[in-house]
Amino acid sequence: MSEPKENVLMEKIVSLCKRRGFVFQSSEIYGGINGFWDYGQLGAELKRNVKDAWWRTIVHHRDDVAGLEATIIMHPKIWEASGHVATFADPMSTCKHCKKLVRFDQVWEMIPENAWAQAIAEICPDGLVESPALLAWAKGKGKHLAPNLALVRNPEVTLSFLAERVNAPGAARPTVKELYQYLATEQVNTTGLQTPCPHCGGELTAPRPFNLMFKSHYGPVESDDNVCYLRPETAQAIFAQFKNVHETARQKVPFGVAQMGKAFRNEVTPRNFTFRSREFEQMELEFFIKPDEAVEALAGSVAKASDNAWQGEPQADWGWEVWHKYWVEQRIRFYEGIGLTRDRFEEYWQKPEELAHYARACVDILYKFPFGTQELEGIAARGDFDLSQHEKHSGKPMGVFDEELRAAWGKLDEAKKASMRAKFVTGKTAAFLKKGADEAEAAKQAEAEATVYFDKLAKGQYIPHVIEPSAGVDRLILALLADAYSELTTTDEKGKSETRVVMRFHPRIAPVKVGIFPLLKNKPELVAKAKEVRDLLRPHMTVFYDDGGAIGRRYARQDEAGTPFGLTIDFDTLGEKPELLDTVTLRDRDTQQQTRVAIKDLLGLLLPKVR
RNA sequence: GCGAGUGUAGCUCAGCCUGGUAGAGCGUCACCUUGCCAAGGUGAAUGUCGAGGGUUCGAAUCCCUUCACUCGCUCCA
């Protein structure tokens with residue numbers, strides 16, 4: 001649980017967001033709708049600036065990345081190929097006793113990990129039922145370990161049904177799973193065998209499907225034939241359009257395709273303000289690279305990830321590890337570049353056992369939110385999993401042909417080819433073993449894959465591998481809001497202290513760059529001059545003109561909006577002191593310092609700071 | 001989806017227990033006054049008390065339902 005103090009901070013941020021127009025609850029006048037949020041005038045600008053910064057860095061400032069903007073609704077088979085239809089429809093059950101929510105398909109994997117189940121397994125080795133020992137356990141330790149297990153709640157009745165089962169003429173010994181089910185069931189005849197809650201042994205509700213994808217139908221008539229889904233991520237469109245982009249963008253591997261846009265997930269529990277929303281926006285890059293064997297054939301060797309190779313410009317001998325590190329580094333630089341405080345975000349290298357089955361490595365970029373340290377972006381090395389899946393499901397080849405690779409392969413000596421193949425087979429064998437194949441089967445399958453794979457390589461063909469930096473825009477906005485939030489307490493001459501909020505956004509992403517204020521509103525000359533300055537700057541940056549209230553109040557308002565600069569037009573601007581004619585005061589949000597700047601120098605001074 | 005808590009003006013909250021029909025501070029707006037960090041004065045607007053239903057002569061207050069938010073279970077861009 002997060003500290004109370006941190007919850008207070010979060011509440012302050014939420015409150016400011018509403019007060020100043022960063023974020024509103026969606027459909028608020030109708031009571032709101034869970035998991036959906038709107039951006040107000042300042043939030044919309046902030047979000048645009050962040051997305052623009054990403055697009056500029058990832059697409060415009062590079063030669064090797066192309067943009068894509070795909071539809072939200074795509075062919076439903078895309079989600080079968082990606083695995084989302086299967087993995088996004090988890091059957092869930094709730095324990096009627098301890099109220100915990102469990103994935104029904106994981107219950108039998110979880111049960112043996114719990115102490116109560118282990119104890120029963122010990123009492124009844126290999127399903128050999130020892131009723132007296134079970135009874136003793138139920139009345140003793142069992143009360144602690146599995147308070148809600150039928151055996152513990154009502155031992156005699158539960159055991160009597162088990163005895164019926166065991167003593168039936170010609171009955172085989174129950175499996176361990178069956179044993180657990182009997183021990184979890186009080187009245188077999190009325191309820192059938194129950195599945196115990198892994199945590200407390202209690203009764204689970206019938207599994208209900210939790211479909212995480214928003215479902216709809218294309219065409220006016222709803223039927224099973226025209227089911228479609230709102231995309232749960234933007235990445236798949238990139239894979240689905242890989243061939244088109246590759247052929248038309250005049251790009252050769254390594255190159256990337258970037259996309260940003262809305263994605264939708266029917267989250268079980270939207271939580272933490274905008275952090276987990278049901279409609280959210282992603283910025284994703286799929287960077288396609290040659291498989292290491294192709295790199296080795298072309299460059300002679302694959303650069304080691306342990307040398308700091310990734311810190312420089314991309315090189316021909318980079319394999320997936322170096323490319324992966326390179327992108328982690330690039331993404332960290334991006335976050336620094338938009339002003340995220342470096343010691344409030346960190347990179348986390350997932351441990352091998354945490355990786356999804358298709359990932360070779362994954363780095364999370366985590367931000368220290370007031371409610372806890374949470375993920376902003378994941379940078380995964382996904383091998384050729386995605387393109388291969390689409391090749392399988394669509395029947396369309398997803399590979400590329402590389403003339404140079406074919407030529408280079410022809411010149412490789414046999415020993416090199418053999419050692420590369422041996423290494424490939426070792427890796428694949430390990431992967432098949434992990435999936436549960438026996439040793440002979442794993443070796444056989446690995447050999448078969450190696451034959452297909454190396455035959456293609458020799459012809460210059462391969463399916464590109466991919467590095468995927470995938471970021472959540474709304475999470476980043478929330479991180480930037482939390483990062484920028486600061487309070488300034490001032491005490492006046494009367495000893496009255498007052499706390500004001502200053503949003504310290506980096507000028508590059510600040511919603512408004514400059515506030516423009518005539519010192520006094522009732523002096524037409526000041527107002528006219530201020531509007532002149534406004535019109536001078538407006539074509540180049542977002543400005544906000546304000547003549548309402550006292551000057552200090554206007555500064556404070558802009559501090560809350562996070563406007564980095566304030567310009568005040570006073571009587572000196574009009575020439576009260578001739579030497580100050582056509583100069584204004586430039587106020588810095590963070591230092592509150594004011595400097596005198598000539599109007600003609602403003603653009604040159606401000607533009608570099610806000611770009 | 002389940003459990004616990006919360007919902008009153010733009011914001012922060014009082015009033016609810018012990019029904020009699022809504023208040024404070026801040027903010028907002030207008031005017032006056034203004035010489036640089038939420039200054040002062042005068043005036044004004046704003047709530048079907050989250051929504052729906054019930055009990056009652058009468059409901060912000062008691063009861064039920066529902067929606068949203070917060071915290072857990074779950075999830076991870």
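Trainee: Which residues of helix H17 (residues 385–394) are buried?
Mentor: Helices here (H or I, at least four residues) and strands (E, at least two) are DSSP runs, numbered from the N terminus. Buried means under 20% relative accessible area, exposed over 50%, partly exposed in between (1.4 Å probe, protein chains only). By that rule the buried residues of H17 are Phe385, Asp386, Leu387, Ser388, Gln389 and His390.

Trainee: How far can I trust this, and how are things numbered?
Mentor: This is a predicted model, where local features need pLDDT of at least 70 and side-chain atom pairs count only at pLDDT 80 or more, while totals for chains, interfaces and linings use all residues. Residues are numbered from 1 along each chain as its sequence is written, chains are lettered from A and ligands numbered from 1 in the order in which they are written, and side-chain values use heavy atoms, leaving out hydrogens and water.

Trainee: What do the buried residues of H17 pack against?
Mentor: Contact means heavy atoms within 4.5 Å. On that basis, the partners of the buried H17 residues are helix H3 (76–82), helix H13 (235–240), helix H14 (242–248), S10, S13 and S16.

**The sheet**

Trainee: In what order do the seven strands of the open sheet run?
Mentor: Two strands pair if DSSP finds at least two bridges between them. The pairing in this sheet is mixed, and its edge strands, S3 (65–67) and S11 (345–349), each pair on one side only. The order is S3-S9-S10-S16-S13-S12-S11.

Trainee: How many residues of S16 are buried?
Mentor: His465, Ile467, Pro469 and Ala471 point one way from S16, while Val466, Glu468, Ser470 and Gly472 point the other way, and all are buried. S16 is mostly covered, and its buried count is eight of eight.

Trainee: Which residue in S16 does Ala380 stand opposite?
Mentor: S13 and S16 run antiparallel and are joined by six bridges. S10 also pairs with S16 in the antiparallel sense over six bridges, with Glu284 opposite Ser470. For Ala380, the residue opposite is Glu468.

**The RNA**

Trainee: Which residues come nearest to RNA strand B?
Mentor: A residue is near a strand if one of its heavy atoms lies within 4 Å of it. There are 57 residues around RNA strand B, and sugar and phosphate account for 51% of the RNA atoms that come within 4 Å of the protein. The nearest residues are Asn34, Arg276, Gly472, Tyr555 and Arg587.

Trainee: How far is the side chain of Asn34 from a phosphate oxygen of RNA strand B?
Mentor: A polar contact is a pair of N or O atoms within 3.5 Å; within protein, one must be able to donate a hydrogen and the other to accept it, and residues adjacent in sequence count only if both atoms are side-chain atoms. A polar backbone atom of Phe273 is 3.2 Å from a phosphate oxygen. For an N or O atom in the Asn34 side chain, the distance is 2.6 Å.

Trainee: Which element gives the most residues to the surface near RNA strand B?
Mentor: Elements giving two or more residues include helix H1 (4–20), strand S18 (497–503) and helix H23 (551–561). With seven residues, the top contributor is H23.

**A loop residue**

Trainee: Is Asp570 buried or exposed?
Mentor: Asp570 lies in the loop between strand S21 (565–569) and S22. Its side chain makes a polar contact with the side chain of Arg596 at 2.9 Å. Because its relative accessibility is 12%, Asp570 counts as buried.
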